[in-house]
Protein chains: 2
Amino acid sequence: MTHAHASRMLCCVFSVSAAGAMVLHLVPRCSARLFWASAGWRRTHIQGASVGLKWLGCPRDSYNPLACRRYSSVSGSPEVMLTSERYPVQRLPFSTVSEEDLTAFERIIPGRVITDPEQLEACNVDWLRSVRGCSKVLLRPQTTEEVSQILRHCHKRNLAVNPQGGNTGMVGGSVPVFDEIILSTALMNQVISFHDVSGILVCQAGCVLEELSQYLQERDFIMPLDLGAKGSCHIGGNVATNAGGLRFLRYGSLRGTVLGLEVVLADGTILNCLTSLRKDNTGYDLKQLFIGSEGTLGIITAVSILCPPRPKAVNVAFLGCPGFAEVLQTFSTCKGMLGEILSAFEFMDAECMKLVGQHLHLTNPVQESPFYVLVETSGSSAGHDTEKLTSVLEQVLNSGLVSDGTIATDQRKVQMLWALRERITEALSRDGYVFKYDISLPVEQLYDLVIDLRTRVGPRAKHVVGYGHLGDGNLHLNVTAEAFSQELLGALEPYVYAWTAKQRGSVSAEHGLGFKKKNVLGYSKPPVAVKMMHQLKVLLDPKGILNPYKTLPAQA
Amino acid sequence: MTHAHASRMLCCVFSVSAAGAMVLHLVPRCSARLFWASAGWRRTHIQGASVGLKWLGCPRDSYNPLACRRYSSVSGSPEVMLTSERYPVQRLPFSTVSEEDLTAFERIIPGRVITDPEQLEACNVDWLRSVRGCSKVLLRPQTTEEVSQILRHCHKRNLAVNPQGGNTGMVGGSVPVFDEIILSTALMNQVISFHDVSGILVCQAGCVLEELSQYLQERDFIMPLDLGAKGSCHIGGNVATNAGGLRFLRYGSLRGTVLGLEVVLADGTILNCLTSLRKDNTGYDLKQLFIGSEGTLGIITAVSILCPPRPKAVNVAFLGCPGFAEVLQTFSTCKGMLGEILSAFEFMDAECMKLVGQHLHLTNPVQESPFYVLVETSGSSAGHDTEKLTSVLEQVLNSGLVSDGTIATDQRKVQMLWALRERITEALSRDGYVFKYDISLPVEQLYDLVIDLRTRVGPRAKHVVGYGHLGDGNLHLNVTAEAFSQELLGALEPYVYAWTAKQRGSVSAEHGLGFKKKNVLGYSKPPVAVKMMHQLKVLLDPKGILNPYKTLPAQA
């Protein structure tokens, strides 16, 4: 199967449900493809045979009625419980969609008002199949003006709206909680302009990240962000959720790389801040309000983003470290000696290595160690970069920071090394039920919680593992057990959140809050901040029609 | 004179006033020092003798009563006209400071309530000596709690407050317009923490940028921003004005590098978002509201900022280009071939070269060309970087993009090449009265306005020149004349602003709006955006006591 073919697929993975039964999940296109590197080569695919995935022929556009039908027809799994039944949430007094409303929408976007229940099913359920709304209508505008007219109508009629991009979110932010109208950006997928001197791309919000990446690669540029879900996720959704991803260490936050936004406000007003300027200090930077606000303050319709030139060389080193202190010192050494070419610094503990060996039969390329780090460089000269990386390796080996290490410069070995880190998630899911946490901590405390939890949960867990983007201070903390256990959950929560709060960490490093995590906001933000967030919401969306029940906890 | 000595000075420059008379200006400490490079070497000083500067012994802390007195006593120039007399601005109905208010302040910050008129003079006038307020009181808190108590009192009493950092702004944002209380951050100058693995610095708002740079250099890191005014400007002011500066091309915007802020709101509430996390997607990113809002929404009291490792090598190339199209293509080539080590890409036109030759006797190191570019690299390997830069030079020479070029690797020559670019301002001021514009444009239109203006103003101007940070799309457009001319001004404004607006550029790339440019906001932002800015101001500062008359135009 060619990549081009594979990337057009949805795939299903089987995992153990809360009750211990096998459950079918639909994952976003390409989330199963572990990494598509900046230099244009593929690191690795999870092959259907080797990791138990079944590829299903489903077109790219998940809002295509056909896509929705297939999505539905292949699921065949127990129906996802309605969010309103699983969670203690009350419907707010919004209007319900009437025949007159449908007629009005049909006038605005003829032929793009979807009400067929079968077609709506995929858009009502998140890809993790953990939350489900019961929206009766999906709108598919193509232009900003159409979005504006739709919102003007909804605002007037007090109809709630759920903006939806690629529906690849992790926290239930992209599907309705009740019967909110789903406003999809899928047909807003045009590149508006690209400037090959400045590297500034302007495009509609519904452009799929991978398609933008391909567009740019042909022009010797790359997107400043890359995600596992790139084959499905929309750039508008990436910006609305302030996505982090694989290039964060090198190219930084979207708050720096997004130069302009066009946004439709709750009442249909178009806010055009779609400038393509690197520097602009005229007044308050309004676009920042919409980056990371998960569609609760406005609907992003177009994005202007600064794209870096495509690196010419990518190298990877995989190292074993005798302790976490040495991992941190190795990071310092890499930052100092690799500086500008350091593009990833990932770590994993010995438990992770054990699991990828046990469940996936991957071979540890270095001698057994308590910790492992993966260092990636991306630069403009293969020779220079290899020389720098070799110097680093000599230095960390000679100083005892690293007990063993290997460097990959050819694509196959690079892929093999990345697989050790990237397939941890998969190995974990084969180990049993997984409790997952994605937190930011001051880098020096990054591993303490893992050690602490091992003692706390004792034999109730099979494994407590820590890995993640050390370079970004982002820990993936995972706890596996034979099956879901309320007792184990009680030992983990709110303990993990409280522990994180004590270290002034973030209880959601990059996934956002959406519906599922909105109530843990207070662990990372003080009451004064939460209050101001509510005030901003009221200012920009006084009727609360935009993506209700998301991001902010219900007010007392 | 040692650098350490020189940097402790204020300096005076003489320029031609609107009426053609010589006027004394006080410039911020170190603004006369052209560049202090990241690697720890000095590029060049403007020597007193060679450029007509007179150094005056004035201590660092410009709020030191002694400093204020000296400032006053040495000025000896015609008194700066009161802003309220020069501009059509009405005092808003704030209270005036009473004896009871002073007693209350004295209770909060004993011994740090300054009312001596002589001491107040320096703080009432901007360093350009273009605007002047008549504040009767200067408050010098040391802690956030003190700032909070002061604002709580002012809010209750409806007293207007002018936050002031290093008072190095370009647009009159840092001095009172009428009798606003001046709240200085000068004594809030403590480093709170620095983490040498993550490179995250947390400090109080009043830390002087240069002192932070020195603190970091000793630890092998650098600040992600550098400014001419670094010897005076405060990091809180840098953040409040979203300062750009010399490292912008490489390290990006403060919106990406500032990780957390502590802010005191108009009513004295402390908003603590001073986290030190690279990734945090919990709720709206409130700190962004305060970056670049010029103290009109809250007073920044502490900053958390991500600092890059110190580069080990810095190289400079100076190139002559046959046309502006070739300048753009050279930029593309440099981005492609230098990628991660490119740290500056500056351009200047032949008129600039003529002026630095004529007025400063600097020698053009390459053959005469219509345009010149300065390319700087900062990297972790001197050998690699030189090799890359040499390859670029070969490529651009062979392809005809560049007609002549030279590379400097030793410090002296690097300084000499930078002087050609950095001393343009000085050469211009020797050419006569200077009309200055600092605008952002799409990079391909960057020079069109210069050509356009030459035709438009004809012989009314001596020179119309263009230079600036091409890498950031930031044009410095300067027009010189024998003396100030209302007719010439009429030919330039609002034409320059309207032209910029037509290209969707920014009428203030990095200087902000402050008092002097607040009325041109509408050239770069649509009415919907301006309205929303006003709404945010009302939400966060309902009484409008924070830095009134600044940033936003008065509402109709």
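How many helices and strands does chain A have? In this predicted model, chain A has 21 helices and 21 strands, and buried residues make up 65% of its 556 residues.

**View 1. A salt bridge between A:Arg255 and B:Asp285.** The closest N and O atoms of A:Arg255 and B:Asp285 are 2.9 Å apart, and the pair crosses between chains, from helix H11 (residues 254-257) of chain A to the loop between strand E13 (270-273) and helix H12 (287-290) of chain B. A:Arg255 counts as buried at 6% relative accessibility, and B:Asp285 is buried as well, with a relative accessible area of 18%.

**View 2. A salt bridge between A:Asp280 and B:Lys525.** Here the closest N and O atoms are 3.3 Å apart. A:Asp280 lies in the loop between strand E13 (270-273) and helix H12 (287-290) of chain A, while B:Lys525 lies in the loop between helix H21 (521-524) and helix H22 (527-540) of chain B, so this pair joins two chains. A:Asp280 is partly exposed, because its relative accessible area is 21% and buried means under 20%, whereas B:Lys525, at 10%, counts as buried.

**View 3. A salt bridge within chain B, between B:Glu146 and B:Arg112.** The closest N and O atoms of these two residues are 2.9 Å apart, and the pair links distant parts of the chain, with B:Glu146 in helix H7 (residues 144-157) and B:Arg112 in the loop between helix H5 (99-108) and strand E6 (113-114), 34 residues apart. B:Glu146 counts as buried at 12% relative accessibility, and B:Arg112 is buried with a relative accessible area of 13%.

Conventions: Residues numbered from 1 in each chain as written. Chains lettered and ligands numbered in written order. Predicted model: local features only at pLDDT ≥ 70, side-chain atom pairs only at ≥ 80, totals over all residues. Heavy atoms only, no water. Helix = DSSP H or I, 4+ residues; strand = E, 2+ residues; numbered from the N terminus. Buried < 20%, exposed > 50% of the residue type's maximum accessible area, 1.4 Å probe, protein only. Salt bridge = Lys/Arg side-chain N within 4 Å of Asp/Glu carboxyl O.
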